[in-house]
Amino acid sequence: MTIKSFDDLDITDPIMFGLVFSNKHIAKPFIEHLLGIKIDHLETPIPEAVLSYDAEHKGVRYDVFARETNETGETVRSFDLEMQMVDTKELPQRARYYQSVDDGVALSKGGFYTNLKEQYIIFLCPKDIFKHGFPIYHFENRAREDTNITLGDRTFKNFYIFGKYEEFENPVVKAYMKYFATRNANSRETKTINDQVSFYKADTLIRNKYMTYEYEIHEREEKVKLEMVDAMFEKTKLTDEEISSISGIPLEEIQKRRTQHQK
């Protein structure tokens, strides 16, 4: 995993994306334009929101998670925004699990299934992971016998291919997608986003938090590498030079660790 320096971060980095879109004045119009809806009240979006059923089940970390609520505070719709720069070959399955976890958390014990609200899983991708040439893919459950018949389960999974920004018909959405693809802010909405990116990049507190995060990731990677080296000592006959080449750890450190490992 390569961690960018703080100065190199832009809107397509999940951390910056989460920070920027945790602002309601940015997230609300973005969601409204993408989905063609009107949101009455959007709760403050949560960056890197973590949801899980319980300690026994795999939790999920959303880039940005938000809920629309009514005057009594009840959820009307929920939205998960994901900036996905890499095709990990499991995005459809991930979207499925993200949906299920949100439902599991939303439906309290003894609750009625009819209490489940509209839910949107939104992936923003640079490339067409489905390879059918569309700039947008809208997925919902429909009958194979007649695709005009929808299941009506209120779940929607949308994939926006922002590398195809020229093909978006809605001019506001097109400007959003162009900004993600080129970082060129040429609309009121994208200039607001760009200003927010600049604000965070000038924030000393955010910079220090990111540097701490960067250090923790580096330490975690080093630990994994060293565990891999130990496994190579025990389970392979590779030379220290070969282990150094595979792991990226300097030969001198490999030799020192082998000596420690043999004690």
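Student: How many helices and strands are there in the protein chain?

Tutor: The chain has eight helices and six strands. Helices are DSSP runs of H or I with at least four residues, strands are runs of E with at least two, and both are numbered from the N terminus. From that end the elements run α-α-β-β-β-α-β-β-β-α-α-α-α-α. This is a predicted model, where local features need pLDDT of at least 70, side-chain atom pairs count only at pLDDT 80 or more, and totals for chains, interfaces and linings use all residues. Residues are numbered from 1 along each chain as its sequence is written, and side-chain values use heavy atoms, with hydrogens and water left out.

Student: Why is Gln 99 called buried?

Tutor: Buried means under 20% relative accessible area, exposed means over 50%, and partly exposed lies in between (1.4 Å probe, protein chains only). Gln 99 has 15% relative accessibility, so it counts as buried. The residue lies in helix 3 (residues 91-106). Beyond its neighbours within four places in sequence, Gln 99 is in contact (heavy atoms within 4.5 Å) with Gln 119, Ile 121, Thr 155 and Lys 157.

Student: Why is Ser 5 called partly exposed?

Tutor: Its relative accessibility is 32%, so Ser 5 counts as partly exposed. Ser 5 sits in the segment before helix 1 (14-20).

Student: What makes strand 3 (residues 75-83) largely enclosed by the rest of the structure?

Tutor: Seven of its nine residues are buried, so strand 3 is largely enclosed.

Student: How do you know that strand 3 pairs with strand 2 (residues 60-69)?

Tutor: Two strands pair if DSSP finds at least two bridges between them. Six bridges join strand 2 to strand 3, and these strands run antiparallel. The bridge partner of Arg 67 is Ser 78 in strand 3. Five residues lie between the strands of this hairpin, and Gly 73 takes a positive phi near 90° there.

Student: Which way does strand 3 run against strand 4 (residues 118-125), parallel or antiparallel?

Tutor: They run parallel, joined by seven bridges. Arg 77 stands opposite Glu 118 in strand 4.

Student: What makes a set of residues a nonpolar core?

Tutor: The members are buried Ala, Val, Leu, Ile, Met, Phe, Trp, Tyr and Cys residues, joined through side-chain atoms within 4.5 Å. The largest such core here has 39 residues, and Phe 21, Leu 124, Met 177 and Phe 180 touch the most other members. Helix 2 (24-35) is one of the elements that supply at least two residues. Helix 2 gives the most, with six residues. A second, separate core of 15 residues includes Ala 49, Ala 95, Tyr 98 and Phe 123.

Student: How do you know how helix 4 (residues 171-182) and helix 5 (residues 188-201) pack?

Tutor: Two packed helices are described by the angle and the distance between their axes. Axes are lines fitted to C-alpha atoms, for helices over the stretch in contact, and angles run from 0 to 180 degrees between N-to-C directions. Helix 4 and helix 5 pack at about 30°, with axes 9 Å apart. Val 172, Ala 175, Tyr 176 and Tyr 179 of helix 4 make the contact, with residues of helix 5 including Ile 193 and Val 197.
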